[in-house]
Every structure is written in C-alpha cells, then in structure tokens.
Amino acid sequence: MEDIRRLQAEFTDERDWNQFHQPRNLLLALVGEVGEVSELFQWRGEVAEGLPGWTEREREQLAHELSDVLIYLLELAEKCHVDLPQAVLRKMALNRLKYPASKVHGSAKKYTEYQD
C-alpha cells in the first residue's frame, strides 16, 4: 500500500493537483468511483464469485474502477493523517471481539443482535 500511496503522491505532485486534493474533494471523488463500480453490477442480479459470464473487457473495466477507489482511499487517508494499514489491523482486532466465531459462525446478524 505504501508503494501505491507514494506513486499516487508523485503523480499528484507532478501535475500540481494537491491544491484540488483536499479531504472533502477526495471523499467526493471516492464516492463517485464507488458509484462507477456499482454501475457495473447494477442490472446483473446476483453475481457469483469469479464473475462467470463477464467478458474480459468488463473485468478490465472493474479492475480500473476498483483501482480508482483504492487510490482515492489511500490519498484520503494520507490527507487525514490516518495510518491506514495500522487502522485496518486495529479494526480487524475490534471486529474479532465484536464477532466471535463461536457466536456468529454462519450468521449475518449485526453484533448488536447477539446475546451473551
């Protein structure tokens, strides 16, 4: 992730785009890119893992849009001074506590719906 973050920072610096890449702007760009990912799935109904039936062109388009989402997410985290890899590790540890496998195995309920 650090390599991607660095490459994007260089790309932005070379184009003098930091003036446009403030947290709010990056968040709105991120939401827009998530919308573009959503459009690819919008009228397909349920899509199985591995995307059977998708053309190579459709898969490539998805890869581009998911890449845009990741790039904007990493840049937003940087501008907000969030160490994203560390934040993810902390969040995963919290999720393990909120969703112990012994209680939630095979269920999609929210953690507030489980009884001790």
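In which hand does α2 pass α3? I looked up this crossing, and it is left-handed. The term applies if the near helix is turned anticlockwise from the far one by less than a right angle; clockwise would be right-handed.

**Ground rules**

I am working on a predicted model, where local features need pLDDT of at least 70, side-chain atom pairs count only at pLDDT 80 or more, and totals for chains, interfaces and linings use all residues. Residues are numbered from 1 along each chain as its sequence is written, and side-chain values use heavy atoms, with hydrogens and water left out. I take helices as DSSP runs (H or I, at least four residues), and strands likewise (E, at least two), numbered from the N terminus.

**Entry 1: α2 against α3**

I began with the geometry. Two packed helices are described by the angle between their axes and the distance between the axes. The axes of α2 and α3 (residues 56-79) come within 9 Å and cross at roughly 160°. Each axis is a line fitted to C-alpha atoms, for helices over the stretch in contact, and angles run from 0 to 180 degrees between N-to-C directions. The two helices are therefore roughly antiparallel. I use these cut-offs: under 35 degrees is roughly parallel, over 145 roughly antiparallel, 65 to 115 roughly perpendicular, and the rest oblique.

Next I listed the residues in contact (heavy atoms within 4.5 Å). From α2 they are P23, L26, L27, A29, L30, E33, V34, E36, V37, L40 and F41. From α3 they are Q61, L62, E65, L66, D68, V69, Y72, L73, E75, L76 and K79. By class I get 15 nonpolar, one polar and six charged residues. Here Ala, Val, Leu, Ile, Met, Phe, Trp, Tyr, Cys and Pro count as nonpolar, Asp, Glu, Lys and Arg as charged, and the others, Gly among them, as polar.

**Entry 2: the core**

Which residues make up the largest nonpolar core? I find eight: L26, L30, V37, L51, W54, L62, V69 and L76. Such a core is a set of buried Ala, Val, Leu, Ile, Met, Phe, Trp, Tyr and Cys residues joined through side-chain atoms within 4.5 Å. The elements giving two or more residues to it are α2 and α3.

I checked two members. L76 sits in helix α3. Its relative accessible area is 14%, so L76 is buried. The scale is: buried under 20%, exposed over 50%, partly exposed in between (1.4 Å probe, protein chains only). Leaving aside neighbours within four places in sequence, L76 is in contact with P23, L26, L27 and L30. I also took a C-alpha distance: L76 and V31 are 12 Å apart in space and 45 residues apart in sequence. With the residues up to four places away not counted, L26 touches H21, Y72, E75, L76 and K79.

**Entry 3: α1 against α3**

How do α1 and α3 pack? Their angle is about 85°, and their axes are 10 Å apart. That makes α1 roughly perpendicular to α3. The classes are five nonpolar, two polar and three charged.

I then looked at R5, in helix α1. At 22% relative accessibility, R5 is partly exposed. R5 touches L74 and E78, not counting residues up to four places away in sequence.

T12 is found in helix α1. Is T12 buried or exposed? At 1% relative accessibility, T12 counts as buried. Beyond its neighbours within four places in sequence, T12 is in contact with W17, N18, H21 and E75.

H21 is found in the loop between α1 (2-14) and α2 (23-41). H21 is buried too, at a relative accessible area of 10%. Its contacts, again leaving aside neighbours within four places, are Q8, T12, L26, E75 and K79.

**Entry 4: positive phi**

I noted D16, in the loop between α1 and α2. Phi of D16 is near 55°, a positive value in a residue other than glycine. H81 lies in the loop between α3 and α4 (84-98). Phi of H81 is near 60°, again positive in a residue other than glycine. H81 counts as exposed, at 74% relative accessibility.

**Entry 5: K109**

Last, I went to the segment after α5 (101-104), the place of K109. K109 is partly exposed, with a relative accessible area of 45%. Neighbours within four places aside, K109 is in contact with Y99 and Y114. K109 and Y99 are 9.6 Å apart, C-alpha to C-alpha, and 10 residues apart in sequence.
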